Amino acid sequence: MKPVSEAELAEIVTSAKGSFEIIGGGTRQIGRTEGDPLHTSGLSGISLYEPEALTLVAQAGTPLAEIETLLAENGQRLPFEPYDLRALQGTTGTPTIGGVVATNASGPRRIQAGACRDSLIGVRFVDGLGRIIKNGGRVMKNVTGYDLVKLLAGSHGTLGVLTEVSFKLLPASEATASVLVQEDEATSAATMAKAMASPYDISGAAHTDGTTALRLEGLEGSVRYRSHVLANLLAGEVAAFDWVAQRDVQAFAGLKGDVWRISVKPSDGPALAEALRRLGAETINFDWAGGLIWANAPEGQDLRKALGTISGHATVIRNTFKKHRSFHPEGAAIEILSSGLRNQFDPRGILNPERL
Amino acid sequence: MQMPKPNADILARKGEIVARLRQVLPASAVIDDPFETKAYECDALSAYRCPPLAVVLPANTEETAAALKACFEMGVPVVPRGSGTSLAGGALPTEDSVILGVARLNGVLETDYDNRFIRVQSGRTNLSVTGAVEANGYFYAPDPSSQLACAIAGNIAMNSGGAHCLKYGVTTNNLLGVKMVTMEGEVIEIGGAHLDAAGYDLLGLICGSEGQLGVVTEATLRILAKPEGARPVLIGFDSNEVAGACVSDIIRAGVLPVAIEFMDRPVIRAAENFTHAGYPDVEALLIIEVEGSEAEIAEQLEKITEIARRHNPVELRESQSAEESANIWKGRKAAFGAMGQINDYMCLDGTIPVSKLPETLRGITALSRQYGLDVGNVFHAGDGNMHPLILYDANKPGDLELCEAMGADILKLCVEVGGCLTGEHGVGVEKRELMHSQFGGDDLDIQMAVKDVFDPKWLLNPAKVFPLDASEGRRQ
């Protein structure tokens with residue numbers, strides 16, 4: 001089914017006989033679900049764009065590319081740098097803004113500009129009973145009532161079908177530079193921590209394949225100055241780095257096995273990487289100053305075991321062998337609250353059942 | 001403003017309730033002497049007062065849990081309280097409620113510079129969080145005006161902002177984790193030192209829930225390396241419209257200052273008389289602050305002043321020294337106090353799309369004439385968070401009611417132009433009944449359904465946020 005209006009979508013959900021699998025562009029499918037495909041791509045179009053207010057409102061099915069193109073033409077951008085999983089997951093659809101929000105997709109700039117949920121300022125959605133709900137709005141600061149905006153971000157379509165999303169934007173950078181340090185993983189955590197402790201406003205900090213990369217963005221003179229002093233501080237050099245490849249972990253696209261995405265505190269990164277390797281992970285990529293770890297794993301290996309006493313969580317982004325639940329299990333107390341919420345938003349359990 | 005009728009049964013059981021609280025808490029943590037509970041009868045929305053049944057001041061998470069569990073079992077409503085600086089009545093008690101104050105929970109539990117976070121007890125004041133890390137070159141970004149006094153617990157409850165949130169965001173963007181006690185006395189941990197917790201964003205939901213979902217006892221907060229320097233520029237204009245247009249052009253040009261503050265003539269005059277900051281007597285004043293190294297500051301200020309000059313400013317003053325910078329901020333930071341010197345005032349907090357600034361200011365002026373009450377405007381222009389200050393005379397019968405009616409009309413105007421009732425102060429009791437103007441029945445119902453999950457008996461701060469008629473069935 002592919003409704004072309006919010007009202008039609010609400011009607012479809014209200015009169016549902018079974019469950020739905022909600023699909024934007026079908027390019028960020030994480031975890032299993034069952035149900036009739038319910039496509040949101042019919043709800044497309046940018047409803048409002050005010051560059052001078054740094055605000056954009058779009059229908060959930062709007063292609064991400066359409067939004068990014070319009071913003072680029074106006075010297076602005078979505079701050080959180082959403083990643084594109086098509087190469088990694090081997091899908092061919094058109095990523096939608098609703099899918100970005102439903103998965104809280106956030107790239108390397110997460111450490112400076114926040115995640116998708118931090119830029120999201122308003123949502124409209126249809127809940128599991130077919131009710132049309134709005135929360136937040138189109139203004140940057142809003143504490144009127146509970147913040148369901150954040151709750152919906154990253155809820156993977158299990159609390160409601162998003163119909164419209166609003167963002168605060170940022171100016172695009174006039175200039176970008178990267179400082180690269182050639183070093184082993186073992187010392188990279190300290191390098192990234194040192195960069196993050198500097199006043200130079202780092203907007204990307206990654207380590208991959210023997211290179212630690214730090215990104216600086218902003219006005220031209222400022223980037224020139226900061227990249228110079230940072231290179232001196234870290235004994236590195238100013239050179240090119242492919243941040244799109246880093247964002248989309250393109251290096252993993254051709255690798256065999258499951259691909260895991262693990263969030264920990266940055267200083268736990270090196271020890272975790274060691275443990276991951278002991279479980280068979282071959283390639284490991286660090287982002288978010290070391291706090292986000294991408295790793296592949298051979299068939300049957302549960303990389304969650306590597307966490308041990310380290311606090312954090314792991315998600316299987318490419319579930320080749322379908323042997324593990326994609327989402328990290330939660331503690332009992334949190335699980336009670338989460339299922340309680342799900343039951344309030346979708347009492348019939350028809351929106352992406354079994355996902356999350 | 002209406003509050004629900006206190007539960008007579010609870011009032012009658014006061015002795016028994018206090019005795020039970022004394023059983024589970026140290027004696028010094030329970031206050032029931034009417035002379036002492038009077039100190040908790042209101043917060044910074046001091047027009048409304050009501051002494052609580054009792055006050056408990058736990059010293060740790062375990063005592064907080066014990067107090068909540070006892071109240072839950074006795075069916076007694078609990079009103080959490082940070083430092084009592086809420087402008088919306090978020091900590092206003094009812095006669096049949098127990099105030100749970102977190103003032104004794106003020107310790108620093110952990111600082112971690114490698115991972116850039118600090119873990120504190122929730123009663124710690126906002127400014128003292130920065131105080132704990134600034135010697136090492138770090139700061140905690142959200143900076144509400146009340147930061148000297150306000151507690152992190154209250155910041156989380158109201159999702160507080162501040163002058164610098166244009167760049168650094170508000171509390172929710174700087175909160176990594178909490179330890180929270182539910183009304184039933186269960187201790188839960190959400191998030192932690194890592195980014196983006198698994199599962200639903202419960203942290204985002206807790207932040208800004210006005211103490212209705214749980215009592216936060218510990219918070220893990222993101223800290224940031226201090227910029228090399230900061231400098232403000234002060235720009236005066238002869239009309240609000242032109243000042244508003246200047247703000248739009250600066251944002252459009254791709255410069256992102258850390259703060260853009262706006263004051264109109266009544267506030268400029270009051271602030272100048274109060275602080276002698278050296279403000280020019282103009283219609284509208286912008287204070288724009290940028291950060292970075294000397295060269296970076298110069299680069300940004302050059303762009304900003306070039307744009308400002310195109311709007312023919314009456315005055316344009318770049319700070320040349322730390323002393324001048326302090327002077328430029330002095331008047332703005334004292335603006336509320338300065339207005340308080342000349343009159344009683346009510347401070348609103350509606351947020352509007354930046355593009356609707358001139359239209360909204362005109363609307364506020366019209367309402368000011370209609371009601372015969374003066375208004376001063378001071379606000380965060382970069383993010384559209386207005387703070388109209390309505391002047392009234394608390395000693396003049398009927399003036400408060402007139403002021404409230406005018407405030408309601410201003411907030412409805414904010415909603416009409418695409419904004420919201422409150423940007424950073426919270427709904428509390430103050431804007432509770434206006435929620436119908438922003439939300440439909442289903443919008444409110446699903447929010448209340450969230451509270452049902454965390455607090456099924458609606459004992460935690462029950463008479464806040466939601467219009468009393470909407471929450472009535474759930475509160476009984």
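The buried residues of helix H10 (residues 265–275) of chain B pack against E13, E14, helix H12 (322–333), helix H13 (335–342) and E17 of chain B; helices (H or I, at least four residues) and strands (E, at least two) are DSSP runs numbered from the N terminus. These buried residues are B:Val267, B:Ile268, B:Ala270 and B:Ala271. A residue counts as buried if 20 or more other C-beta atoms lie within 10 Å of its own, as exposed if 12 or fewer do, and as partly exposed in between, with C-beta atoms placed from the backbone. Just after H10(B), B:His276 takes a positive phi of about 50 degrees. The model is predicted: local features need pLDDT of at least 70, side-chain atom pairs count only at pLDDT 80 or more, and totals for chains, interfaces and linings use all residues. Residues are numbered from 1 along each chain as its sequence is written, while chains are lettered from A and ligands numbered from 1 in the order in which they are written.

Chain B contains an open sheet of 7 strands in the order E15-E12-E14-E13-E17-E18-E16, with antiparallel pairing; two strands pair if DSSP finds at least two bridges between them. Its edge strands, each pairing on one side only, are E15 (315–318) and E16 (344–347) of chain B. From one strand to the next, the twist averages 15 degrees. E16(B) pairs with strand E18 (residues 388–392) of chain B in the antiparallel sense over 4 bridges, and B:Tyr392 in E18(B) is the bridge partner of B:Asp344. H9(B) packs on the sheet, where it touches E12 (230–237), E13 (259–264) and E14 (284–291) of chain B, and its direction makes about 20 degrees with that of E14(B). Axes are lines fitted to C-alpha atoms, for helices over the stretch in contact, and angles run from 0 to 180 degrees between N-to-C directions. H10(B) also packs on the sheet, touching E13, E14 and E17 (375–380) of chain B, with its direction at about 95 degrees to that of E13(B).

The largest nonpolar core has 256 residues, a core being a set of buried Ala, Val, Leu, Ile, Met, Phe, Trp, Tyr and Cys residues joined through C-beta atoms within 7 Å. Those with the most contacts inside this core are A:Ile293, A:Ala295, B:Val78, B:Ile206, B:Leu221, B:Leu286 and B:Ile390. Not counting residues up to four places away in sequence, B:Leu286 touches several residues, among them B:Ile235, B:Ala243, B:Val247 and B:Phe262.

Between the chains, 75 residues of chain B are in contact with 69 residues of chain A, contact meaning that C-beta atoms, placed from the backbone, lie within 7 Å. H17(B) gives the largest share of the side of chain B that touches chain A, 9 residues. This side has 32 nonpolar, 28 polar and 15 charged residues, where Ala, Val, Leu, Ile, Met, Phe, Trp, Tyr, Cys and Pro count as nonpolar, Asp, Glu, Lys and Arg as charged, and the others, Gly among them, as polar.

In chain A, the domain assignment gives domain 1 (6–171) and domain 2 (175–247); such bounds come from an automatic or database domain assignment. The centres of these two domains, taken over C-alpha atoms, are separated by 31 Å. 7 residues of domain 1 of chain A are in contact with 10 residues of domain 2 of chain A.

How values were computed. Contact = placed C-beta atoms within 7 Å.
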